[in-house]
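Please look over the protein shown below. A short report on selected parts follows.

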Amino acid sequence: MIVTSAVRHAAAGSAAVLFVLPVPAATASPVTSAPTVASAAAFREPTPPVRQYVDPARLNRKGTQVQPLPGAPGVPEVSALSWVVADASSGEVLAARNAHRKLPPASTLKALFALTALPYQEPSAQHTVADSELTGIGDGSSLVGVKEGYTYKVSDLWNGVFLSSGNDAVHVLAAMNGGWESMSRRMQEKARSLGAMDTHVVSPDGYDAPGQVSSAYDLAVFGRAGLQDPAFTKYCSTAYADFPAGSWSYGIANTNRLLTGADGVARYPGLIGIKNGYTSNAGNTLISAARRGDRTLVVSVMNPQGGGGLAVYEEARDLLDWGFAAAGRVQPVGSLLPVRTKAAGSAARAVSVTREGPAGRDGRAAGAAPRAGSEPAAAAAAAGGDARVAAPSGASAGLPLALVGSACAAALALWALRRRAARRAG
């Protein structure tokens with residue numbers, strides 16, 4: 001009876017306490033594991049943009065768009081039909097001219113090709129070239145010298161793409177990734193996933209083709225996305241490399257003069273890359289990125305109308321110089337981040353920092369898998385964050401048990417006091 005009475009008191013006390021206290025809701029743990037933080041930092045995930053109103057329609061307007069603050073330098077006069085200057089970390093567009101004008105991209109489209117195909121082979125993997133993989137290369141294409149029957153490392157082929165702008169290397173890599181038509185579709189899907197809506201892919205190497213267009217805005221988007229991938233950044237910033245030719249090799253140089261300083265074009269300090277291009281239809285095109293201090297800028301320039309074939313480099317130089325001088329002295333006129341809509345939800349936020357490969361939202365084609373380590377830590381962090389929201393933290397989960405224990409202890413103490421009082425009275 002004594003035990004039964006004690007249990008009754010404990011149960012009553014526990015029920016009363018639990019009845020008046022709300023059940024704690026499941027919340028995400030505020031602590032992020034150290035491996036996730038370190039992994040994300042390794043990929044240099046861009047910092048979130050400053051929260052301020054940006055008119056999304058402004059970049060659709062013709063002419064130069066800029067919002068200077070007091071002390072801002074004047075925008076340089078350049079002859080390009082279209083250009084964009086953007087902060088690579090936040091995605092903020094500092095200034096632009098005809099940003100969404102659809103123009104032929106030439107070999108700057110290879111940046112989108114790399115974003116699409118890079119995750120799917122290890123750099124050290126080897127491939128023997130078949131004759132069928134070199135068919136259909138356009139007349140007058142730039143070539144690195146890929147030969148039928150020769151075996152190349154994947155990294156050699158990518159050097160051929162980025163340094164020599166080799167359409168032969170693009171054809172071989174496309175064949176390794178599902179074929180020419182499949183690669184065109186996948187590049188189109190990749191562009192849309194990044195928020196690049198002006199690009200229409202017909203020929204993955206950037207060779208002139210009817211209907212193939214992009215824009216300075218989209219090229220800047222591709223450049224910014226590429227900087228989030230260490231492999232992409234390594235290839236696009238390589239000035240010189242050896243290219244194999246059977247039992248020997250020969251040197252190749254990056255055709256981006258701002259990187260190498262060739263043909264009388266001075267090297268740009270802090271230049272990272274990214275990709276230059278030229279066709280008779282597109283004229284000269286260029287995606288450039290440079291770092292100065294803790295700031296990285298992306299500049300895209302399409303089809304300068306004066307100054308000769310090297311004008312694209314000098315105009316990019318002027319725009320980079322202006323961008324660094326104007327930092328903090330202009331209001332953004334747009335953003336390179338995908339437009340966030342209620343329908344897209346969290347998926348739209350994830351797509352701005354994650355890499356995607358072949359067909360489908362997650363970039364997986366049948367039988368295809370990204371190379372190890374190619375997916376940014378941001379994707380894993382996003383998935384982990386969702387998982388943590390579904391499970392309560394240790395502190396929250398243990399709260400009801402602590403309350404039950406306290407209630408039981410209080411009830412037993414009350415019972416003991418009443419028992420002693422009864423004995424004294426007796």
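## Confidence

What pLDDT does the protein chain average, and what share of the residues score at least 70? This is a predicted model. The chain averages a pLDDT of 80, and 67% of the residues score at least 70.

Two stretches call for care. Over residues 14-43 the pLDDT is below 50. Beyond near neighbours in sequence, residues 14-43 have 33 contacts in the model. The pLDDT is also below 50 over residues 342-367. That stretch has 52 contacts in the model, again beyond near neighbours in sequence. Where pLDDT is low, the predicted coordinates should not be read in detail.

## Helix α10

Helix α10 covers residues 311-326. At 1.5 Å a residue, its 16 residues should span 22 Å. The end C-alpha atoms of α10 are 22 Å apart, so the model agrees with that expectation.

Is α10 mostly covered or mostly open? It is mostly covered, with 12 of its 16 residues buried. The buried residues include the charged E315 and R317. Also among them are W322, G323 and F324. Just after α10, G328 takes a positive phi of about 80°.

## Two residues and their contacts

L81 sits in strand β2, residues 80-87. N98 is 17 residues away from L81 in sequence, yet their C-alpha atoms are 7.2 Å apart.

C236 belongs to helix α8, residues 230-236. Is C236 buried or exposed? Its relative accessible area is 1%, and the cut-off for buried is under 20%, so C236 is buried. C236 and I272 are 36 residues apart in sequence and 7.1 Å apart in space, C-alpha to C-alpha. Not counting residues up to four places away in sequence, C236 touches F162, N254, L259, I272, G273 and I274.

## The second largest pocket

The second largest pocket has a volume of about 340 Å³. It is lined by 24 residues. Which of them are closest to its centre? They are S107, S142, G277, Y278 and T279.

β8 gives the most, with four residues. By type, the lining of the second largest pocket holds four nonpolar, 15 polar and five charged residues.

Key. Residues numbered from 1 in each chain as written. Predicted model: local features only at pLDDT ≥ 70, side-chain atom pairs only at ≥ 80, totals over all residues. Heavy atoms only, no water. pLDDT = per-residue confidence, 0-100. Contact = heavy atoms within 4.5 Å. Helix = DSSP H or I, 4+ residues; strand = E, 2+ residues; numbered from the N terminus. Expected span 1.5 Å × (residues − 1). Buried < 20%, exposed > 50% of the residue type's maximum accessible area, 1.4 Å probe, protein only. 1 Å grid on protein atoms, 1.4 Å probe; cavity = no way out; pocket = protein on both sides within 12 Å on 5 of 7 lines; lining within 4 Å. Points joined across faces, edges and corners; volume = space filled by probe spheres on them.
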